[in-house]
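Thanks for sending this one over. Here are a few notes to read alongside the coordinates.

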Amino acid sequence: MDRDNIYGHISRILITEEEIREKVREAGRMITEEYRGRPLLLVSILNGAFMFMADICRQVKTPCEIAFMSVKSYQGDSTTGNVQIVQDIKRDISGYHVVIIEDIMDTGLTLRAVTDILRGRNPLSLKIVTLLDKPERRIADIRPDYALFTIPNLFVIGYGLDYNEAYRELPYIAEYSA
Ligand code: 5GP
Ligand code: MG
Ligand code: MG
C-alpha cells in the first residue's frame, strides 16, 4: 500500500464525528438505564471496536468492568467465514450481565461464534450492542440487540475500522473506494 496516498481512497464520509457522538451518548444512556445496580461487563472485540468501546464506556454512568477479546475473521475486504479466537478473555463471566460492544455486524459469523462461546460460560445475560449493522450481508441467524446505525452494503473505514490495518484513526466513518 502506498502510505503517502492512502487518503485518496476515502470516497465520502457516511457518518460524521458529531453524529457518532450523539448516538454513542444515547446508547450509553440506554445501557445505564438497563444495567443500573447490576454487575455489568462490557466485552469488546479488538481491534475494530477499540474506539467505540473507549467512547461508549465513558457514557455508561453506572459501574462497569471492561474486557477485550481478539478474533480474526476478515482479510482485506471480503470475509473468510472463518472465525479464530486470537486472544480470549481470561476471567469468569458467570456473575455478570455481559454486553458485547462490537464495531460492525456484517455476515454475523463473528458474533455467532463469539456469542456461542460466551453463552457457554453462563453469564447472567448476554446482549450485543453494535455501532454499525449491515443487515443485507447477514449469513448467520443473529441480530444485534441495539445498533447505533444501519448502513447499506458498503465497505466502510474509520472510527476503529480498517482496510488492511489502515484508517482506524479516522474520527468518522467513511466509504472506502479502491
Ligand atoms: P462478520 O463476521 O459479521 O461478517 O464481520 C465481522 C468483522 O468483519 C467486523 O468486526 C469487521 O472487523 C469486519 N468488517 C465487516 N464489514 C466491514 C466493513 O465494511 N469495513 C471494515 N473495515 N470491516 C468490516
Ligand atoms: Mg469487529
Ligand atoms: Mg478489519
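This is a predicted model: local features need pLDDT of at least 70, side-chain atom pairs count only at pLDDT 80 or more; totals for chains, interfaces and linings use all residues.

1. Residues are numbered from 1 along each chain as its sequence is written, with chains lettered from A and ligands numbered from 1 in the order in which they are written.

2. Leucine 14 sits in strand E1, residues 10-15 (strands are DSSP E runs of at least two residues, helices H or I runs of at least four, numbered from the N terminus). Leaving aside residues up to four places away in sequence, leucine 14 touches Ile151, Val156, Ile173, Ala174 and Glu175 (contact means C-beta atoms, placed from the backbone, within 7 Å). Isoleucine 151 is 137 residues away in sequence, yet the C-alpha atoms of the pair are 8.9 Å apart.

3. Helix H1 has a clear division of sides. Ile20, Ala27, Ile31 and Tyr35 are buried in H1. Viewed down the axis of H1, its buried residues fall within an arc of 55°, so they line one face (the arc is that of the directions from the helix axis to the C-beta atoms). Glu18, Glu22 and Glu33 are exposed on the other side of H1.

4. The buried residues of H1 pack against several elements, including E1, helix H2 (50-57) and strand E7 (146-150). Just after H1, glycine 37 adopts a positive phi of about 80°.

Technical notes
Two residues are in contact if their C-beta atoms, placed from the backbone, lie within 7 Å. A residue is buried if 20 or more other C-beta atoms lie within 10 Å of its own, exposed if 12 or fewer, and partly exposed in between; C-beta atoms are placed from the backbone.
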